[in-house]
Amino acid sequence: ALARTRKSDYVIPRPYIDNRIFRVGDRLFYPDFHLSHLLSDGSMPENFACWCMVSDDNGRSWQRLALIAYDETGELMMREPSLVQTTGNELACVIRCTHHEQKPMLITWSSDGGEKWEKPVKLHEFGVMPQTLLLGNNVLVISYGRPGVQLLISPDGSARKWLPPIQVADDSCGYT
């Protein structure tokens, strides 16, 4: 992993986990954007990138499995990723791309256990700190915000078909 500093920002002295870890079989998955790693061509990312991290020893150690998403143009900050396993046994990753202005929330999928990822596509016009969860009835739900708090629902749990957003709160920072 590479150390990253930004002008006029405080330095975070250690990696930390701020999204849900989940298990598929004997493997734990976690989507990370805090640590930087070299890209496949050996270059450093210019902006945030989302990485699929895995643990095969119940969280005692973590390895970088693959790059989930990175915007080579530098226009989108790939941050606050949320991973979920779909009803079709794919992994889906929802990604915040905004910093100080509204930009689309993206989604991407992996059908091979997180080793390769599809090109991200727009899921919604905006969204910060998306949280994903596949419910016991196989309905997939995403909560996200700013402005307010919204829910997106994939009734079949595929993360490919969505109902229109449901506004659940108007006055909120949007972190769900």
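These notebook entries record what I looked up in a predicted model.

**Entry 1: strand β2.** I began with strand β2, residues 27-32. I found five of its six residues buried, so the strand is largely enclosed by the rest of the structure. I kept in mind that side chains in a regular strand alternate between the two faces of the sheet.

**Entry 2: pairing with β1.** I then looked up strand β1, residues 22-24, and noted that it pairs with β2 over three bridges in the antiparallel sense. Opposite Leu28 in β2 I located Arg23. The hairpin formed by β1 and β2 leaves two residues between the strands, and there I recorded a positive phi near 65° for Gly25.

**Entry 3: pairing with β3.** I next turned to strand β3, residues 50-55, which is joined to β2 by five bridges. These two strands run antiparallel. Across from Asp32 I found Trp51 in β3.

**Entry 4: Asp56.** I traced Asp56 to the loop between β3 and β4, the latter spanning 63-69. Is Asp56 buried, partly exposed or exposed? I noted a relative accessible area of 49%; the cut-off for exposed is over 50%, so Asp56 counts as partly exposed.

**Entry 5: neighbours of Asp56.** Which residues does Asp56 touch, leaving aside those up to four places away in sequence? I listed Asp26, Arg27 and Gln63. Asp26 lies 30 residues from Asp56 along the chain, yet I found their C-alpha atoms separated by 6.6 Å. With Arg27, I recorded a polar contact between the two side chains at 2.8 Å.

Methods
Residues are numbered from 1 along each chain as its sequence is written. This is a predicted model: local features need pLDDT of at least 70, side-chain atom pairs count only at pLDDT 80 or more; totals for chains, interfaces and linings use all residues. Side-chain values use heavy atoms; hydrogens and water are left out. Buried means under 20% relative accessible area, exposed over 50%, partly exposed in between (1.4 Å probe, protein chains only). Helices (H or I, at least four residues) and strands (E, at least two) are DSSP runs, numbered from the N terminus. Two strands pair if DSSP finds at least two bridges between them. Contact means heavy atoms within 4.5 Å. A polar contact is a pair of N or O atoms within 3.5 Å; within protein, one must be able to donate a hydrogen and the other to accept it, and residues adjacent in sequence count only if both atoms are side-chain atoms.
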